[in-house]
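Trainee: I am new to this one. Can we go through it step by step?

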Protein chains: 2
Amino acid sequence: MSGRVAATVEIWFEFASTYSYPALSRIAAAAAAARVPLRFKPFLLGPIFASQGWKDSPFNIYPAKGRYMWRDLERSCVRLGLPFKKPSVFPRNGLAAARITVATDEAARPELVSRIYRANFAEDRDIASREVLASILAELGHDVEGTLARADSPAVKDALRAETERAIALGIFGAPSLVVGSELFWGNDRIEDALEWAQRTA
Amino acid sequence: MSGRVAATVEIWFEFASTYSYPALSRIAAAAAAARVPLRFKPFLLGPIFASQGWKDSPFNIYPAKGRYMWRDLERSCVRLGLPFKKPSVFPRNGLAAARITVATDEAARPELVSRIYRANFAEDRDIASREVLASILAELGHDVEGTLARADSPAVKDALRAETERAIALGIFGAPSLVVGSELFWGNDRIEDALEWAQRTA
């Protein structure tokens, strides 16, 4: 494959999404190892779930599925060597974190995004809180006030709405989702398949 | 690990379930290679879905998820070298096939079950039809009339109802599911994890 450039993989994620935690914690390294260009695409699942008649996470609406998910997520984190602590509140509203991600340069997104997921799913911190997000931005050396101001701007709000509309148009119904050309892959379990697809369809 | 006997894996399946097709086509060989004892447990998803308010497959109720599933299933079959043809009717009622499986000795189940899945998902045959099931039993050298008669008996009907009740008690909410002791694994993607768990918890 040397000399060929792989197709780009878009990773679509929602900060409330549980399986997005292991996915976003490992995908940057996996894509780099596979030499696959990666783009980080935050979006909101809320409007998509609402259009299906769900006003809450399906993991809360369907308790057997929810109980399974928490245990499966814990096992997955153990396998990956990731810290995990079941959040005391689920789902946490990912809107503010998504806007901050949109307000951040693509190059800085991998580190920022995985750090926010860790706050939610390993440290049980409230990622809907402006203070928590500000402390993460500061920890990573970002311009805290500038980023928060951009995140509140109409341009960023509109951009995030447009991304969510594009997610729907792409057929996305859950997170994480991966898009390679016209192919859609859903779930942390499909990262390797999506990267291989990108390598083959360069 | 030599000398140790692995824990038993129960594979719980419903004949209407799409991802059960690749799972039941490959699990017998995978379990044998891992030296893990395997038990085949047919059950019915209908009562479980009905208790969640679903009167149809969630893949029909949620069209974006359904469109994705058919494409993902096709890709999975290509990867595994399995023939695939999208059934013209979905879901097909798996009740008769489940009763026939319950009426069949454990040793004969792996071949019978994978053959019935192939009829549904690679040959587009109606596995709710007594004639289709009779032809499969004949092809595999079973006692056709004796098996069909046992499948219609109150003992087999009661046994299948009891298995579905046990599935609910185990926390099963979809198919295929794998049970190893008190651990539940869901999906074709979790076969390897379940087999490893059985090896570790012998």
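Trainee: Which residues of S1(B) point one way, and which the other way?
Mentor: This is a predicted model. In a regular strand the side chains alternate between the two faces of the sheet. Glu10(B) and Trp12(B) take one side of S1(B), and the other way point Val9(B), Ile11(B) and Phe13(B).

Trainee: Is strand S1 (residues 9-13) of chain B mostly covered or mostly open?
Mentor: Buried means under 20% relative accessible area. Five of the five residues of S1(B) are buried, so the strand counts as mostly covered.

Trainee: In which sense does S1(B) pair with S2(B), and in which with S3(B)?
Mentor: With strand S2 (residues 38-42) of chain B, S1(B) forms five bridges in the parallel sense. There, Glu10(B) stands opposite Arg39(B). Glu10(B) also has a bridge partner in S3(B), Val179(B). S1(B) and strand S3 (residues 177-180) of chain B share three bridges, and their sense is antiparallel.

Trainee: How many salt bridges does the rule find across the interface of chain A and chain B?
Mentor: On each side, 22 residues are in contact with the other chain. One salt bridge joins Glu183(B) to Arg75(A), with the closest N and O atoms 2.7 Å apart. Across the interface the rule finds 12 salt bridges.

Trainee: Which element gives the largest share of the side of chain A that touches chain B?
Mentor: Helix H4 (63-80), strand S4 (183-186) and helix H10 (191-200) of chain A each supply at least two residues. The largest share is eight residues, and it comes from H4(A).

Technical notes
Residues numbered from 1 in each chain as written. Chains lettered and ligands numbered in written order. Predicted model: local features only at pLDDT ≥ 70, side-chain atom pairs only at ≥ 80, totals over all residues. Heavy atoms only, no water. Buried < 20%, exposed > 50% of the residue type's maximum accessible area, 1.4 Å probe, protein only. Helix = DSSP H or I, 4+ residues; strand = E, 2+ residues; numbered from the N terminus. Pairing = 2+ DSSP bridges. Contact = heavy atoms within 4.5 Å. Salt bridge = Lys/Arg side-chain N within 4 Å of Asp/Glu carboxyl O.
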